[in-house]
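Hello,

Here is the structure I promised to hand over. Please have a look at it, and then read on for what turned up.

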Amino acid sequence: MLDIEEMREYIEHKQYAKIRSEIVEMNEADIAAMMEELELPGTELIKVFRMLPKSIAADVFSFLPIEVEQEIITSLTDREAATIIDNLFADDAADLIDEMPANVVKRLLAQTTPETRRDINHLLQYPEDSAGSIMTVEFVDLKEGYTVEQAIERIRKVGIDKETINTCYVTNQHRTIRGTISLRMLLLSESSERIGDLMEENVITINTLMDQEEVARQFQKYDFDAMPVVDSENRLVGIITVDDIMDIIEQEATEDIEMMAAITPTDKPYMKTSVLETFRKRIPWLLFLMISATFTGKIIQGYQDALAAYAVLTMYIPMFMDTGGNAGGQASVTIIRSISLGEVEFGDIFRVVWKEIRVAVLCGVTLALVNFAKLLILDKVGMQVALIVCLTMVVTVMVAKIVGCTLPMLAKQVGFDPAVMASPFITTIVDAVSLVIYFQIATRMLGIS
């Protein structure tokens with residue numbers, strides 16, 4: 001297999017015939033990965049792409065990142081670009097068109113076939129991140145009255161351009177889905193048998209408006225390679241295949257991780273994102289968290305008398321803030337993940353809180369006991385201060401766990417992304433609460449007014 005260094009050497013010496021003879025033997029996904037890794041300037045990238053035989057060019061194109069696709073498609077002639085789009089699956093073509101400027105889209109669609117324009121426009125009408133926006137309209141549909149022989153003949157006739165032929169969908173004259181039948185079943189059945197007698201009638205379907213994250217959960221639940229997408233009248237309008245779901249799972253996981261780290265999500269890879277764009281994605285949350293953290297200073301300022309009388313109290317403030325933030329972060333991340341997997345719903349909030357309270361008691365008491373020994377043996381503080389610190393530890397962990405588990409569920413209930421309520425946000429809240437708890441306990445036990 002041709003490696004990157006060999007490819008660079010061939011390009012440098014303009015050995016284009018050698019490049020062509022080598023890459024046509026490679027898998028389409030490997031060709032796309034190599035083109036991306038080469039990081040060629042636009043003109044060289046187009047030269048390499050033009051070397052690809054027409055039979056594999058569209059397949060290679062579909063594996064490229066969207067920004068590389070845009071660079072290539074805008075550098076080709078209108079007719080060349082239209083040929084690529086015509087040979088893409090409709091969902092891939094719609095994704096590409098959706099990311100391009102309107103004037104380029106208009107020019108390209110004018111050159112494509114009427115069928116391609118119809119399919120792309122059909123997909124673009126659905127809301128972003130819905131099942132309708134990620135489905136493909138390239139599937140094999142059959143009628144109940146077909147014989148096995150007629151069904152196989154139809155697959156031979158239309159299957160070459162379909163996303164998958166492993167599962168075929170049986171519809172009536174109104175395009176209402178009636179059942180499914182696998183290619184395996186067709187091949188193993190008598191040629192005279194009717195499709196209506198062989199099909200699986202218990203069909204699991206997805207609605208066009210279902211959120212893509214829920215679609216991914218359906219695939220994980222049923223372990224299907226493809227699922228049919230129906231409209232509000234149960235008419236079959238498309239299918240979603242497992243390769244699309246893999247992309248969605250990666251996209252949703254990346255988005256959640258970025259939100260949990262207080263970063264506005266981006267759909268670009270890290271190395272493809274400019275410094276200025278990365279700055280814009282991060283600074284709003286940093287400003288918000290910085291401003292909200294000023295409340296911590298106000299709380300400390302409000303208890304200056306206690307700190308002046310017992311300066312030793314000051315040294316334990318970072319411990320409470322860190323421990324509380326970590327405890328709340330543990331609970332929030334666990335609940336956010338459970339929400340995304342469909343394991344926890346808002347109706348479970350009381351069960352979740354009760355569980356986290358019990359976990360908090362165990363964690364808080366364990367931390368307090370270890371801390372109590374440290375305070376007396378290593379820090380050599382008085383018994384009263386040790387009790388204040390340990391009691392505060394128990395209460396802080398309990399409050400942090402409750403806040404950490406409830407906020408993501410409340411966010412989901414009111415329509416926000418639960419990942420917003422992750423570690424940075426929870427930490428800011430718990431920091432302020434833990435300080436109030438600490439100073440309230442200290443002032444009461446020490447008798448400071």
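Let me start with helix 12, whose buried residues are covered by, among others, strand 1 (141–143), strand 2 (167–171), helix 13 (183–188) and helix 14 (195–198). Please keep in mind that this is a predicted model.

The buried residues in helix 12 (residues 148–158) are Val-148, Ala-151, Ile-152, Ile-155 and Val-158. They lie on the same side of helix 12 because the arc they cover around the axis is only 145°. On the face turned away from that buried side, helix 12 carries Glu-149, Arg-156 and Lys-157, which are exposed.

Next comes a strand pair. Strand 5 (residues 226–230) and strand 6 run antiparallel, and 5 bridges join them.

Thr-428 sits in helix 22 (residues 423–446). Is Thr-428 buried or exposed? Its relative accessible area is 17%, and buried means under 20%, so Thr-428 counts as buried. Leaving aside residues up to four places away in sequence, Thr-428 touches Leu-289, Ser-292 and Ala-293.

Conventions
Residues numbered from 1 in each chain as written. Predicted model: local features only at pLDDT ≥ 70, side-chain atom pairs only at ≥ 80, totals over all residues. Heavy atoms only, no water. Pairing = 2+ DSSP bridges. Helix = DSSP H or I, 4+ residues; strand = E, 2+ residues; numbered from the N terminus. Buried < 20%, exposed > 50% of the residue type's maximum accessible area, 1.4 Å probe, protein only. Contact = heavy atoms within 4.5 Å. Arc of directions from axis to C-beta.
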